[in-house]
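Here is a short report on cavities, a helix pair and a few selected residues. Read it alongside the coordinates.

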Amino acid sequence: MEHTVERVFTKEILHNAASGFGIKVDEKPVGDFENYIFKGHTKDGVARVLRLTHSSHRQKNEIEAELTFLKYVRENGANAAGSLLSLNGNLVEEHIASDGTSFFAAMFEWADGKLVDRTNPNVWNDDLMFRLGKTLGKLHALTVNYPVTNARESWDEEAYLQVMLNHEELGPHTKALLEEMSHYPRQTYAYGLIHSDLHFHNFFVNEEGEITAFDFDDLQYNYFISDIAIVLYYTAWGSKKSYEENSAYAKKQLDILRKGYETEFVLEEEWYSRIPAFLKCRDHVLYYVLKMKYEGKEEHSQRVNELCEQIRERIINGKTIVDLG
């Protein structure tokens, strides 16, 4: 979390927010990257998730649009942790900080299961990849018929990409990539509201192997193939294996992911040939996010600098994190 947000977030805001949803929460967050995430419980002991979003990150109408969409897909059979109402019957409750900015509180179901250990072949395997594909396919099938909302941005309006356009060294590469992608047709059967961040920290898997997706904070209008590209991107993220090994693995995973996906939804073949552009786009976004979130935080600096340098080299050389050719 940015220092400016950390300075105005208080226990009083946290407990007032929890009270508004009828829960008690642990004071130690389970996540604090772009939002503060806390685990809580109702009076009956039912686990819940409380999320607090600062107004520098999202505005109230944006969050309401996210939660309304999440409620819709959950009610229509998607594997997602649903949004829940406050005691006042609202999806979002606002709490004013000492500097006049706001924290927006929202509550979600607690997902069944736990995070996936990518080093454990008993859970990170072909069956999981098939189920991930099926999960995305269901979400996209539901997206096709969802009403258009102006409260969520298009992928090319994303603030991180806009900032990267002005980066002295990498900006020209960002501009060239966005120019290329701007020619992709925005057809209703290939473009709509997508999760856009379904990496291995944004879903749980239970003992039966069932997936529950969460963290729809980055919900945006984007090409469906971007969600598939992001799953592939994170099969190699942080891996110590060689580029060739990661690429071979990603190719195999794409085949399995696609089989699961096509049980729910089918994309035209040409979209799969465009995956490399979306892998590159993820690099541009992550480069800025890592620099912004961890600037000046010494405990993270060495690893973050290494990752940023790897991304920088890929961007300059026009490479992707994995080669699917």
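Aspartate 218 touches Glu34, Arg58, Arg152, Ile194, His195, Ser196 and Asp197, leaving out residues up to four places away in sequence. The model is predicted. Aspartate 218 sits in the loop between strand 9 (211–213) and strand 10 (220–223). Its relative accessible area is 13%, under the 20% cut-off, so aspartate 218 is buried.

Serine 196 lies in the loop between strand 7 and strand 8 (203–205). Its relative accessible area is 4%, so serine 196 is buried. Serine 196 is not a glycine, yet its phi is positive, about 70°. For context, most residues other than glycine have a negative phi.

Aspartate 215 also has a positive phi, near 60°, and is likewise a residue other than glycine. Aspartate 215 is in the loop between strand 9 and strand 10, where aspartate 218 is also placed. Is aspartate 215 buried or partly exposed? Aspartate 215 counts as partly exposed because its relative accessibility is 31%, a value that falls between the 20% and 50% cut-offs.

Isoleucine 23 belongs to another loop, the one between helix 2 (11–20) and strand 1 (24–25). At 6% relative accessibility, isoleucine 23 counts as buried. Which residues does isoleucine 23 contact, leaving aside its neighbours within four places in sequence? They are Ala18, Gly40, His41, Thr42, Arg48, Leu50 and Met107. Tryptophan 155 is 132 residues from isoleucine 23 in sequence, and the two C-alpha atoms are 35 Å apart in space.

The accessibility values are collected here.

| Residue | Relative accessibility | Class |
|---|---|---|
| Serine 196 | 4% | buried |
| Isoleucine 23 | 6% | buried |
| Aspartate 218 | 13% | buried |
| Aspartate 215 | 31% | partly exposed |

Next, the cavities. How many cavities of 30 Å³ or more are there? The count is two.

The largest cavity holds about 40 Å³ of space. Its lining consists of Trp124, Leu132, Leu198, His199, Phe200, Phe203, Val231, Tyr234 and Thr235. Helix 7 (residues 224–236) gives the most to this lining, with three residues. By class, seven of the lining residues are nonpolar and two are polar, with no charged residues.

The second largest cavity holds about 30 Å³. Phe69, Leu139, His140, Thr143, Leu193, Ile194, His195, Phe216 and Asp227 line the second largest cavity. Helix 4 (126–144) and strand 7 (191–194) are the elements that each give two or more residues to this lining. Helix 4 gives the most, with three residues. The lining divides into five nonpolar, three polar and one charged.

Last comes a helix pair. Two packed helices are described by the angle and the distance between their axes. Helix 6 (residues 171–181) and helix 9 (residues 275–294) have axes that come within 11 Å and cross at roughly 145°. The crossing of helix 6 past helix 9 is left-handed. On the helix 6 side, the contact involves His173, Thr174, Leu177, Glu180 and Met181. Helix 9 meets them with Ala277, Phe278, Lys280, Cys281 and His284. By class, the contact has five nonpolar, three polar and two charged residues.

Notes: Residues are numbered from 1 along each chain as its sequence is written. This is a predicted model: local features need pLDDT of at least 70, side-chain atom pairs count only at pLDDT 80 or more; totals for chains, interfaces and linings use all residues. Side-chain values use heavy atoms; hydrogens and water are left out. On a 1 Å grid over the protein atoms alone, a cavity is a set of points where a 1.4 Å probe fits but cannot get out, and a pocket is an open set with protein on both sides within 12 Å along at least five of seven lines; lining residues have an atom within 4 Å of a point. Grid points are joined across faces, edges and corners, and a volume is the space filled by probe spheres set on the points. Helices (H or I, at least four residues) and strands (E, at least two) are DSSP runs, numbered from the N terminus. Ala, Val, Leu, Ile, Met, Phe, Trp, Tyr, Cys and Pro count as nonpolar, Asp, Glu, Lys and Arg as charged, and the others, Gly among them, as polar. Axes are lines fitted to C-alpha atoms, for helices over the stretch in contact, and angles run from 0 to 180 degrees between N-to-C directions. A crossing is left-handed if the near helix is turned anticlockwise from the far one by less than a right angle, and right-handed if clockwise. Contact means heavy atoms within 4.5 Å. Buried means under 20% relative accessible area, exposed over 50%, partly exposed in between (1.4 Å probe, protein chains only).
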